Amino acid sequence: METEARASGGTAVDLPTLELRSITKRFGGVTALSGVSLEVSRGEVVAIVGDNGAGKSTLIKSVAGVHSPEEGEIRIEGELVRFSEPNDSREYGIEVVYQDLALAPNLDIATNMFLGRELVRGPLQILRKREMRRQAQEILDEFKIRVPSVRATVRTLSGGQRQGVAIGRATHWGKRLVVMDEPTAALGVAETARVEAIIHRMRERGLAVLIVSHNLDQVFRVADRIYVMRRGSLAGHRTVSETTSNEIVSLITGLA
Ligand SMILES: Nc1ncnc2c1ncn2[C@@H]1O[C@H](COP(=O)(O)OP(=O)(O)OP(=O)(O)O)[C@@H](O)[C@H]1O
Ligand SMILES: [Mg+2]
């Protein structure tokens, strides 16, 4: 892992890692996002909260390149980008852990970790399976994610273990920004604590982290700043140290 390179590398500029300006996304007659602007910088954990259907996953998928917004700008360290598929955002060092995880259940853990980015050798592009397994194990060990074996198929894992694999993969490949949509919704207490520890480490490494969570206690534990979404728009934006969960709840519900 390139821990040092991440921590001390990057660009000299102080531009936000990710900046969204007035993003609007419609699905037929439904406006899922309306003029949403936000930014996330290196070494910062930013949370997005809001009720079901507020547009959080749509916003994340727009950053990932799954959706193409009709209006607005996405900037990565100041550079205007236009992603039309997830590979485009990956090239910019952005990794996303989706709400539905997007792992291949019938493939083993190591294969999932390197899906679409397989290590190969020689002109015949022979898969370096043993090396991929070794590295996959190293990633899991680093984040203390316990699984029976990297050869185990994802289908046989518990929800928490799957989440661990998805987060391990994102942390390994995400050189700039890691985005997580409800990473602990399906997890128990100990597993949730482990994921939160991983988030703290991402921040220490100088990554930018964007997390969607319904768990306000968690948001207050891990995040530096909070954006509140309501019905596709931004209802407010607060610094964690200067707000309370009561205030955030009233922004979420619109009942001040
Ligand atoms: N692919 C799609 N096609 C049509 N409508 C969609 C699509 N994806 C999302 N929507 C709509 O956009 C709105 C926002 O959905 P989104 O999934 O972003 O909400 P969310 O904030 O992530 O909710 P949750 O907390 O339940 O995950 C909803 O009205 C939803 O029905
Ligand atoms: Mg969602």
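Trainee: Leaving aside its neighbours within four places in sequence, which residues is Arg75 in contact with?

Mentor: Arg75 touches Glu19, Leu80 and Val81, once neighbours within four places in sequence are left aside. Two residues are in contact if their C-beta atoms, placed from the backbone, lie within 7 Å. Before we go on, this is a predicted model, where local features need pLDDT of at least 70, side-chain atom pairs count only at pLDDT 80 or more, and totals for chains, interfaces and linings use all residues. Residues are numbered from 1 along each chain as its sequence is written, while chains are lettered from A and ligands numbered from 1 in the order in which they are written.

Trainee: Why is Arg75 called partly exposed?

Mentor: A residue is buried if 20 or more other C-beta atoms lie within 10 Å of its own, exposed if 12 or fewer, and partly exposed in between, with C-beta atoms placed from the backbone. Arg75 has 16 C-beta neighbours inside 10 Å, so it counts as partly exposed. Arg75 is found in strand S4, residues 71–76. Helices (H or I, at least four residues) and strands (E, at least two) are DSSP runs, numbered from the N terminus.

Trainee: What surrounds ligand 1?

Mentor: Its shell includes Phe27, Val30, Ala32, Lys56, Ser57, Thr58 and Gln99. A residue is near a molecule if its C-beta atom, placed from the backbone, lies within 6 Å of it. Strand S2 (30–40) and helix H2 (56–64) are the elements that give two or more residues to this shell. H2 gives the most, with 3 residues.

Trainee: How do the residues of that shell divide into nonpolar, polar and charged?

Mentor: There are 4 nonpolar, 7 polar and 1 charged. Ala, Val, Leu, Ile, Met, Phe, Trp, Tyr, Cys and Pro count as nonpolar, Asp, Glu, Lys and Arg as charged, and the others, Gly among them, as polar.

Trainee: How do you know that the span of helix H6 agrees with its number of residues?

Mentor: The expected span of a helix is 1.5 Å times one less than its number of residues. H6 (residues 159–173) has 15 residues and should therefore span 21 Å; its end C-alpha atoms are 21 Å apart, which agrees.

Trainee: What makes H6 mostly covered?

Mentor: In H6, 12 of its 15 residues are buried. Among them are Gly160, Val165, Ile167 and His172. The buried residues of H6 pack against strand S6 (94–97), helix H4 (109–113), helix H5 (129–142), strand S9 (177–181) and helix H7 (189–204).

Trainee: In what order do the strands of the open sheet run?

Mentor: The order of its 6 strands is S6-S9-S10-S3-S11-S12, with mixed pairing.

Trainee: Why do S6 and S12 stand at the edges?

Mentor: S6 and strand S12 (233–239) each have a single partner strand, so one side of each is left without a neighbour in the sheet.

Trainee: What makes S6 and S9 a pair?

Mentor: Two strands pair if DSSP finds at least two bridges between them. S6 and S9 have 4 bridges, in the parallel sense. Glu95 stands opposite Val178 in S9.

Trainee: Which strands are joined to S3 by bridges?

Mentor: Strand S10 (residues 208–212) runs parallel to S3, joined by 5 bridges, and S11 also runs parallel to S3, joined by 4 bridges. Val45 stands opposite Val209 in S10, and Val49 stands opposite Val228 in S11. S3 is mostly covered too, with 5 of its 6 residues buried.
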